[in-house]
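Subject: Structure handover

Hello,

Here is the structure for your files. My notes on it follow below.

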Amino acid sequence: MKNLNEYILKPSEDKLNYDRPWLKYYPETTFPNIEYPDKNMYQMIKLVEEKISDIDALEFMGLKLSYKQLIDLIDQCAQSLIKLGVKKGDKVTVCLPNIPQATIAFYAINKIGAISNMIHPLSAPKEIEYFINLTDSEFALTTDFAFANFEKIKDNVNLKKTVVCEVSDYLNSLKSFGYWLLAGRKVPKIPERDNIIKWKQLLKIGENGTFNDFPTAKKEDPAVILYTGGTTGTPKGVVLSNLNFNALALQTGSQANVNLNDKMMCIMPFFHGFGLGVTMHTALTFGGTIILVPKFSTEDFAKSFKKHKPEFIAGVPTLFTALTNSVAMSNSDFSHVKGVFSGADTLANDIKVKFENFIGERGATVSIREGYGLTETVTASCLTPQTEYRFGSIGIPFPDTLYKICKVGTQDTCAADEDGEICISGPTVMLEYYKEKEETESTLQKHEDGHTWVHTGDLGSMDKDGFVYFKQRIKRIIKSSGYSVFPTQIENVLMDHEAVANCCVIGVPDPYKIEKIRAYIVLNEKFKESNELKSALLERCREYLSIWSTPQEFIFRKELPLTKVGKISYIELRNEIIKELEESGKNIDSLIPDDVYIENEEGDFIPK
């Protein structure tokens with residue numbers, strides 16, 4: 001059996017009464033409308049195991065798990081969680097890198113109808129505290145190396161049980177010895193308390209379970225909370241359903257031609273919609289094998305790539321830059337690669353050309369296919385077609401997915417090629433922002449056509465054939481190495497320091513990170529600029545913010561430029577950066593041009 005499409009991918013008799021000029025660019029194997037089964041995510045993977053149980057589902061540093069072995073571990077973990085007290089609808093915080101425990105726990109939580117609250121394992125203590133308390137999580141899974149941050153906030157959260165996973169849990173004896181010799185030695189000892197349990201102990205709890213007392217999660221039920229900036233640039237919990245993820249998997253799989261045993265390199269982290277929805281769930285839904293990469297380095301990637309010969313690679317633009325420039329990848333064979341996908345940030349044309357030339361010289365017959373989406377639609381909701389490339393375009397919408405461009409601040413549709421706000425409708429659209437009714441109502445709007453649309457906060461256009469073009473972010477947000485960084489969050493952390501009178505955080509174009517983070521600081525009169533003060537501000541950011549949200553530069557100023565109503569003028573600061581880069585002879589193509597903005601009556605800058 002080459003694929004599972006006859007069991008999984010079926011056309012829907014329900015037709016969208018909507019003009020979709022892009023359908024003519026679909027391959028013959030892609031259905032415009034798909035039938036989405038009434039299953040949760042666990043049941044989609046269970047379907048694969050029932051059809052073909054002995055093929056590899058997961059590989060991790062020498063470990064191989066077949067679909068049968070993976071499902072058995074998921075069932076065992078689910079039984080254990082139930083015995084610990086996890087119930088349907090409970091939020092379970094998952095703070096894990098791409099290791100086997102993350103996959104097992106994610107589907108176990110889903111099986112019992114609980115909700116995975118996905119956060120980065122390198123989140124700062126205060127971030128972890130916020131995410132746990134926001135969702136009222138009473139159960140959490142983390143790693144031994146991240147446990148110290150949980151320990152710092154233990155008195156500020158209400159965790160009944162914290163499950164501690166060790167990377168060495170699934171390493172063979174030789175690799176386990178190497179891990180503890182090099183990295184494991186730095187991990188502090190885990191204290192023995194009633195509310196702390198190790199992963200192997202957790203699995204033993206459900207070892208002899210009957211597996212017949214599970215709640216049934218339906219496709220419409222909430223399943224995952226991921227984090228994004230919403231339309232205001234403030235982190236929000238995006239509540240996504242089983243249907244959202246299953247629809248994404250079937251849409252993506254239909255476009256990518258995923259077959260049994262096809263291998264996907266899971267480089268993108270599972271706390272990210274791209275990593276969780278595309279590289280893990282899509283691959284497993286179609287009977288593929290996921291190759292877990294817990295921490296990216298070009299040397300380790302090169303070894304894994306040579307060993308596994310993956311058919312699919314998905315990543316952010318900085319990944320492709322790193323691979324192109326890597327000596328370790330120079331002798332790689334790309335002839336087995338069927339698909340390369342870029343998401344989470346805009347793919348610059350020079351990065352695309354260089355990488356395609358690089359892999360083409362090494363046997364590849366494919367090009368990078370760029371996707372566009374947002375966490376509010378899990379991840380990608382449009383993709384460049386296999387056979388049609390238009391310069392600057394981010395592609396055409398997925399099956400069952402609608403795109404339109406609206407005049408900013410309205411529901412009025414723009415003409416072809418006219419700039420406006422990108423709006424999206426379809427089965428991957430989120431349920432809500434968690435505990436944010438006003439923000440949800442602002443973002444999810446029902447239009448006169450009867451469809452509910454996500455107002456993305458992104459500026460773009462669509463041509464007459466339905467190809468979409470992303471221009472820039474309307475909302476204030478920084479994209480650094482594929483991560484969404486929220487300036488207001490950083491500013492709030494800095495403003496709480498006694499030395500800071502005012503501040504503004506800006507993204508500065510960077511050839512590797514796309515944007516690096518710069519903080520402009522105005523000091524209180526009692527304080528003076530010094531290296532010691534910079535160090536103190538940096539340490540404060542490291543305490544409260546993720547690594548990718550911590551500024552790389554601190555610039556002290558006597559004052560910040562203001563608009564006519566007294567707000568900080570981001571445009572003036574950007575103009576200063578443009579001038580700075582021009583004078584240094586650097587490329588400024590990735591900067592937002594100042595002439596696309598106008599100042600409204602409230603003193604805010606909005607697109608023309």
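**What was found**

L122 counts as partly exposed, because its relative accessibility is 40%; that class lies between buried (under 20% relative accessible area) and exposed (over 50%), with a 1.4 Å probe and protein chains only. This is a predicted model, in which local features need pLDDT of at least 70, side-chain atom pairs count only at pLDDT 80 or more, and totals for chains, interfaces and linings use all residues. Residues are numbered from 1 along each chain as its sequence is written, and side-chain values use heavy atoms, with hydrogens and water left out.

**The surface around L122**

L122 sits in the loop between β4 (115–118) and α5 (125–135). Helices (H or I, at least four residues) and strands (E, at least two) are DSSP runs, numbered from the N terminus. Together with F145 and I547, L122 makes a nonpolar surface patch of about 280 Å². Patch residues have over 30% relative accessible area and no salt bridge; like charges are joined within 9 Å, nonpolar side chains (Val, Leu, Ile, Met, Phe, Trp, Tyr) within 5 Å. A salt bridge here is a side-chain nitrogen of Lys or Arg within 4 Å of a carboxyl oxygen of Asp or Glu.

**The chain as a whole**

The chain has 17 helices and 29 strands. It holds 608 residues, and 60% of them count as buried. Areas come from the Shrake-Rupley method with a 1.4 Å probe; for residues, only the protein chains shown count as cover. Take the contacts (heavy atoms within 4.5 Å) between residues at least 6 apart in sequence: 69% join residues at least 24 apart.

**Buried loop residues**

- L96 is in the loop between β3 (91–95) and α4 (100–111). It is buried, at 4% relative accessible area. Beyond four places in sequence, L96 touches Q101, A102, I119, P121, L141, T142, T143 and C165. V164 is 68 residues away along the chain, yet the two C-alpha atoms are separated by 9.6 Å.
- T30 is in the loop between α1 (5–8) and α2 (41–51). Its relative accessibility is 5%, so T30 counts as buried.
- T375 is in the loop between β14 (368–373) and β15 (380–383). It is buried too, with 16% relative accessible area. Its partners, not counting residues up to four places away, are L226, Y227, T228, V238 and L240. The C-alpha atoms of T375 and V238 are separated by 7.0 Å, at 137 residues apart along the chain.

**Rings and charges**

Rings of Phe, Tyr and Trp (its six-membered ring) pair if their centres lie within 6.5 Å. That rule gives 15 aromatic pairs. Ring pairs link F301, F305, F320, F334, F355 and F358 into a cluster. Which charged end sits over the ring of F358? That of R362, 3.9 Å from the ring centre. Likewise, the charged end of K352 sits over the ring of Y389, 4.6 Å from its centre. The test is NZ of Lys or CZ of Arg within 6 Å of the ring centre and within 35 degrees of the ring normal.

**Backbone points**

D136, in the loop between α5 and β5 (139–143), has a positive phi near 55 degrees. K309 has a positive phi near 50 degrees. K309 lies between α11 (298–308) and β12 (312–315), in the loop, and is partly exposed at 45%. Most residues other than glycine have a negative phi.

Best regards

Conventions
Phe/Tyr/Trp six-rings, centres within 6.5 Å; stacked < 30°, edge-to-face > 60°.
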